[in-house]
Amino acid sequence: MGLLKLMKIQALAIMAIILFTTSCAEKKQVVDDSQPQTEGQIISTINNLPEVVKANAQIRKTSHGKQHLIVYVSGRPSPSQSFYSVKVAKYDSNAGDLVYSFILYPKTNKIYYLDPKHAKYIALADWRKQKNYTAVNN
């Protein structure tokens, strides 16, 4: 097994542990407020989006329980960026395949979805209005 593949598996295992430990985090409804969220709450917010819940159930069903989705923070706010980058990927014994990519502004709780066809982030509400929104690799 290559070193890179082993490192990916280890990284996904760590993310799974983080996800498991934050799965009991307080659910916070996505509304405009000025209260910043913790990373655990951000992961929980994305994990509880109906699209993520539905995709996770479908992946578990079609893989007979061998795969599921994992939500992880891939980028944090910094002086040059005011949002969290959050990824949703398939998790199994191989490296995860990206399913969704979101950004979340912690001060406003606004969520944006990465539209892979147009390579730009769009508001979650606008994404939901589209007739045929799809996962990145579905």
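Is Asn 56 buried or exposed? Asn 56 is buried in this predicted model. Its relative accessible area is 16%, and the cut-off for buried is under 20%.

Now the surroundings of Asn 56. The residue belongs to helix 3, which runs over residues 50-62. Leaving aside residues up to four places away in sequence, Asn 56 touches His 68 and Leu 69.

Next, helix 3 as a whole. Helix 3 is made of 13 residues, and from its first C-alpha to its last it reaches 18 Å. That is close to the expected 18 Å, at 1.5 Å a residue. The buried residues in helix 3 are Glu 51, Val 52, Ala 55, Asn 56 and Ile 59. These sit on the same side of helix 3, because the arc they cover around the axis is only 130°.

What do the buried residues of helix 3 pack against? Their partners are helix 2 (39-47), strand 1 (68-75), strand 2 (84-91), strand 3 and helix 4 (124-129). On the face turned away from the buried side, helix 3 carries Pro 50, Lys 54 and Lys 61, which are exposed. After helix 3 comes His 64, and its phi is positive, near 55°.

Thr 108 is found in the loop that links strand 3 (98-105) to strand 4 (110-115). Thr 108 has a relative accessibility of 31%, so it counts as partly exposed. Between Thr 108 and Phe 83 the C-alpha to C-alpha distance is 9.9 Å, with the two residues 25 apart in sequence.

Note on methods: Residues are numbered from 1 along each chain as its sequence is written. This is a predicted model: local features need pLDDT of at least 70, side-chain atom pairs count only at pLDDT 80 or more; totals for chains, interfaces and linings use all residues. Side-chain values use heavy atoms; hydrogens and water are left out. Helices (H or I, at least four residues) and strands (E, at least two) are DSSP runs, numbered from the N terminus. Buried means under 20% relative accessible area, exposed over 50%, partly exposed in between (1.4 Å probe, protein chains only). Contact means heavy atoms within 4.5 Å. The expected span of a helix is 1.5 Å times one less than its number of residues. The arc is that of the directions from the helix axis to the C-beta atoms.
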